[in-house]
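The sequence and structure are shown first.

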Amino acid sequence: MLKKLIVVAAVALGAREALACEMVCTKTVLNGSEIVGPSMVEYDVALSCPAFSDRVTWLDDTLVGPLIDPEITDWRLMPWLDSTSALHFPYTVPLDYDTCKTAPGAALQPDGSVILTNTVTGSTLYHKNEDGSPYVFSCSAQVVCRPPTSGGGATRTIGYYKTHAGAVAQCLAGSPINLGFTTVSTVAQANAVLWANPGSFKGVDKARATLARQTLAATCNARLFGTSDGGDIAAAVSALAGQSCTAMSVSNSAMDAFNNSGDEVAFPAGAGPWDNTGKPSPVPAFPASGLACQ
C-alpha cells in the first residue's frame, strides 16, 4: 500500500488582496523516470502565477492523495502564491513493477513495461471560470517501470506441450488460459493453437498463430513450474487482443526466449513427468479471424 505523504506548503499570511491567477502547474520526477526493481521515487509539484496572486484551496495527487492538508478550511491558512514566488510540494513514494501495474494511470506496454502517469489536480480560491464555477488546474508526470528479469526455473518449449497432452491437461485444470483473442479451456482447443501452422495464414491470423503458441506454452510453464515470466505473458495477451502485428512480433521474441530459458532445467518436485502422446488426430482448426494488421 502506498504510504501517503501529506505536505503542507508554507503560507504567507498577510493582508494583501488577491487578484487571482491562472495557475502554472508543473510535476517533475526528480530522480529519474525509469524504474528497474524497487525504488524510492521523488516527485515535485511546482505551482506558480505569471501575474497576480491567489490561494490554493486543495491539491490532490492520484498516487498519494492530498498534498495540502484537507483539514484546512480557513482561507487565511491556505497556501498563498503570487507572481514573485513559487510553491513546491515534494514527496517520495516507493514503487516497484507490481505496484506500478495496479496504480491509477498505469498503462501496460507490449514489451511488458508499464508507463505510469500520475496527475495532480487542484483549485484556487479567487480565480474562477467564466461561469463562476471553481477553476481547476492539473499537471502530470510519467515513470516507466520495467518488469523483473524473467526465467530462473524450469520451462518447456512449444514442442514439448504439442506432444504431452497430460501436461496441458494439468495446466488447464486450474482455470482456462486467456489468449486475448480466444480462451483455451480444453486440450483440444490447446492443440488447435499449439499445432497451428502460421505460414498458412495471413495478416493478424499469422501473427496470432505465431505468438499464441508461445504464450500458451509460457502460461503452462508459469503454472506448472512456478517460473517467473517477468510480466511478458500479460504483455503478450494484450498484444494478441489487438491487431498490431508489430506488437505481436515483439512479444513473440520475449515469449520464445522465456520458453527456452529453462528447457534443460529439471522439473521441480511434484511436477510431471508426463507421457509423450504424440500428434493428435485430427488436429482441430485454429480460430482464424481474417483481420488485417494495423
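A residue is called buried when its relative accessible area is under 20%, exposed when it is over 50%, and partly exposed in between, using a 1.4 Å probe and protein chains only. Helices (H or I, at least four residues) and strands (E, at least two) are DSSP runs numbered from the N terminus. The model is a predicted one: local features need pLDDT of at least 70 and side-chain atom pairs count only at pLDDT 80 or more, while totals for chains, interfaces and linings use all residues. Residues are numbered from 1 along each chain as its sequence is written, and side-chain values use heavy atoms, with hydrogens and water left out.

**Overall fold**

The protein chain contains seven helices and 12 strands. Of its 294 residues, 43% are buried. Contact means heavy atoms within 4.5 Å; among contacts with a separation of 6 or more, 74% join residues 24 or more positions apart.

**Nonpolar cores**

A nonpolar core is a set of buried Ala, Val, Leu, Ile, Met, Phe, Trp, Tyr and Cys residues joined through side-chain atoms within 4.5 Å. The table lists two such cores.

| Core | Residues in core | Named members |
|---|---|---|
| Largest | 42 residues | Tyr161, Ile177, Leu179, Val184, Leu216 and Leu224 (most contacts inside it) |
| Second, separate | 36 residues | including Cys25, Val41, Leu81 and Tyr97 |

The largest core receives two or more residues from each of α2 (158–162), α3 (165–173), α4 (187–194), α5 (203–225), α6 (232–241) and α7 (245–261). Helix α5 gives the most, with 11 residues. Beyond its neighbours within four places in sequence, Leu179 contacts Val184, Val193, Ala212, Thr215, Leu216, Val237 and Leu240.

Helix α6 is mostly covered, with seven of its 10 residues buried. These are Asp232, Ile233, Ala235, Ala236, Val237, Ala239 and Leu240. The buried residues of α6 pack against β8, β11 (177–178), α5 and α7.

Strands pair if DSSP finds at least two bridges between them; β7 pairs with β3 (residues 39–48) in the antiparallel sense over 10 bridges. Phe89 in β7 stands opposite Val45.

Ser113 lies in the loop between β8 (106–108) and β9 (114–128). Ser113 counts as buried because its relative accessibility is 4%. Excluding residues up to four places away in sequence, Ser113 touches Tyr97, Ala107, Leu108, Val144, Cys145, Arg146 and Pro147.
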